[in-house]
Amino acid sequence: MSIVNELNKAGIKDIKKVYHNLDYDELYNLELKNNEGIVTENGAVTIDTGIFTGRSPKDKYFVNQPPSNKYIAWGEINHPIKKEVFDKLFEKSKKGLSGKELYVQDAFCGASENSKKSIRVVSEIAWQAHFVKNMLITPTEKELENFKPDFTLYMASTTVNDEWKKQGLNSEVFVVFDIEENIAVIGGTWYGGEIKKGVFSMMNYWLPLEGKLGMHCSANVGKDGDSALFFGLSGTGKTTLSTDPNRALIGDDEHGWDDKGIFNFEGGCYAKVINLDKDSEPEIYGAIKRNALLENIVIDNEGHIDYNDKSKTENTRVSYPICHIENHCATLQAGHPKNIIFLTADAFGVLPPVSKLTKEQAMYYFLSGYTAKVAGTERGITEPVATFSSCFGEPFLPLHPTVYAKLLGEKIDKHKVNVFLVNTGWSGGSYGVGKRMSIKATRSCINAILDGSINTSEFELVPVFNLSVPKTLNGVDSNILNPRNSWEDKKGYDKTRDKLAKMFIDNFKKYITENSEYDYSNAGPKIV
């Protein structure tokens with residue numbers, strides 16, 4: 001059946017033309033022909049995503065129906081929607097996509113042959129097809145011959161839901177999933193990241209039910225096959241720190257872990273570019289060239305990019321195929337990891353630059369998923385604000401966080417993985433007083449973990465958080481390794497430390513139930 005007939009059968013009518021599985025040059029030409037983007041000085045196209053320059057998490061819904069509803073963790077993250085409301089939104093979206101030129105990209109999510117899923121994305125905009133081509137894994141011509149999607153996502157950006165109030169929804173934007181039908185529909189927003197995270201959410205539903213782990217992390221691998229995972233929320237350094245000239249990049253954001261090892265879900269990278277500096281992040285800077293797709297950046301009439309201009313958004317981004325990183329892992333896979341690194345940007349200046357975790361501490365900090373927002377990133381924030389996101393990716397977890405934690409714990413035990421906590425945030429004081437950890441110092445901590453030299457250090461326990469920190473480490477000022485030593489105001493440190501510890505304790509109470517196997521609170525901070 002032709003792609004047009006398939007779309008007709010799905011309910012999209014009077015299609016003018018379907019651009020199916022275009023190559024980069026074809027997408028580039030259509031983006032310019034349609035006035036969707038502007039070519040920058042380095043050959044990359046830049047586009048604007050409209051009024052939405054980030055995801056709309058409050059507009060994400062799953063159809064409440066069996067059997068998936070017994071697995072989904074309903075609540076603030078995963079909102080239920082009635083089947084009839086989903087069907088109405090799908091019909092409205094199909095009408096919105098009818099009578100137009102459409103772009104269809106077929107791709108795989110997951111580099112592992114045993115775990116990958118076939119994904120089809122239908123959109124009405126060329127650059128969104130480009131985004132899919134960058135971010136997912138492009139099948140070979142032979143694989144495309146018999147391609148059948150396991151899951152189809154319809155991106156109906158120009159369709160808005162004017163009945164949202166009557167339906168009890170959050171806004172005219174909708175990101176809705178029917179798991180049983182293997183369909184997602186996105187409407188009212190142009191933001192490409194909704195596609196990426198929509199597919200990620202579904203992988204995080206499917207894989208754990210097969211005994212496999214989906215992870216919001218980056219990954220790389222050394223010359224000896226020693227792979228490492230970097231977990232962290234946005235802004236903590238996942239992309240920057242896993243992009244290492246001495247190690248092959250497996251991927252920068254989304255991975256799976258099955259019986260064979262770790263594997264990238266994607267075929268590309270999606271990096272923040274606000275304040276991008278070619279000296280600090282040369283690999284990412286160099287990846288921005290023809291076939292890369294920039295979002296919401298500011299350029300002048302000659303196409304010169306101002307990476308420091310945040311007038312459109314602080315969430316300026318670039319997507320690019322992973323082959324733009326010279327030292328990337330061609331298979332997008334590696335064996336079981338030797339090291340796991342939890343990244344946190346602690347704006348309170350309390351956590352050490354690097355700590356070695358016990359298995360129980362690993363479970364505690366994984367379920368906590370801590371980082372901190374700083375003043376200026378959002379309206380109304382004037383001091384550091386703690387953010388806890390279970391498993392370092394709660395917005396993308398359809399199942400309960402303990403499902404992922406249990407799988408991680410089993411794999412840590414089975415494969416004897418070392419786990420570390422690395423603070424890429426502040427030292428010597430909270431935000432506004434202390435200084436941000438230098439990338440050089442953080443790199444030195446990461447290098448010591450990856451080459452194993454940190455294990456020869458003498459360690460000491462820092463009070464309250466009871467974290468094990470090295471007394472000395474090559475390339476790092478010893479004065480900052482124990483964070484209290486770097487503060488001039490020692491009493492101020494103690495007060496701030498106890499304040500943050502209480503936030504951790506209060507957050508973790510949601511996992512403490514009678515006879516709970518996930519009560520790792522003893523591995524967390526203790527206020528005397």
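Strand 3 (residues 45-47) and strand 17 (residues 293-295) run parallel and are joined by three bridges. Strands (E, at least two residues) and helices (H or I, at least four) are DSSP runs, numbered from the N terminus. This is a predicted model, in which local features need pLDDT of at least 70 and side-chain atom pairs count only at pLDDT 80 or more, while totals for chains, interfaces and linings use all residues. Residues are numbered from 1 along each chain as its sequence is written, and side-chain values use heavy atoms, with hydrogens and water left out.

- Ile47 stands opposite Glu295 in strand 17.

**Second largest pocket**
- The second largest pocket holds about 330 Å³ of space.
- A pocket is an open set of points on a 1 Å grid over the protein atoms alone, where a 1.4 Å probe fits, with protein on both sides within 12 Å along at least five of seven lines; lining residues have an atom within 4 Å of a point.
- Grid points are joined across faces, edges and corners, and the volume is the space filled by probe spheres set on the points.
- Of the 17 lining residues, Glu6, Arg120, Pro149, Thr152 and Tyr154 are the closest to the centre of this pocket.
- Helix 1 gives the largest share of the lining, four residues.

**Nonpolar cores**
- A nonpolar core is a set of buried Ala, Val, Leu, Ile, Met, Phe, Trp, Tyr and Cys residues joined through side-chain atoms within 4.5 Å; buried means under 20% relative accessible area, exposed over 50%, partly exposed in between (1.4 Å probe, protein chains only).
- The largest core has 108 residues, and Ile340, Phe342 and Phe465 have the most contacts inside it.
- Helix 6 (residues 193-209) supplies the largest share of this core, eight residues.
- A second, separate core of 23 residues includes Ile3, Ile12, Leu89 and Val122.

**Leu209**
- Leu209 lies in helix 6.
- Leu209 has a relative accessible area of 42%, so it is partly exposed.
- Leu209 touches Tyr71 and Leu399, not counting residues up to four places away in sequence; contact means heavy atoms within 4.5 Å.
- Thr49 and Leu209 are 160 residues apart in sequence and 35 Å apart in space, C-alpha to C-alpha.

Methods. Pairing = 2+ DSSP bridges.
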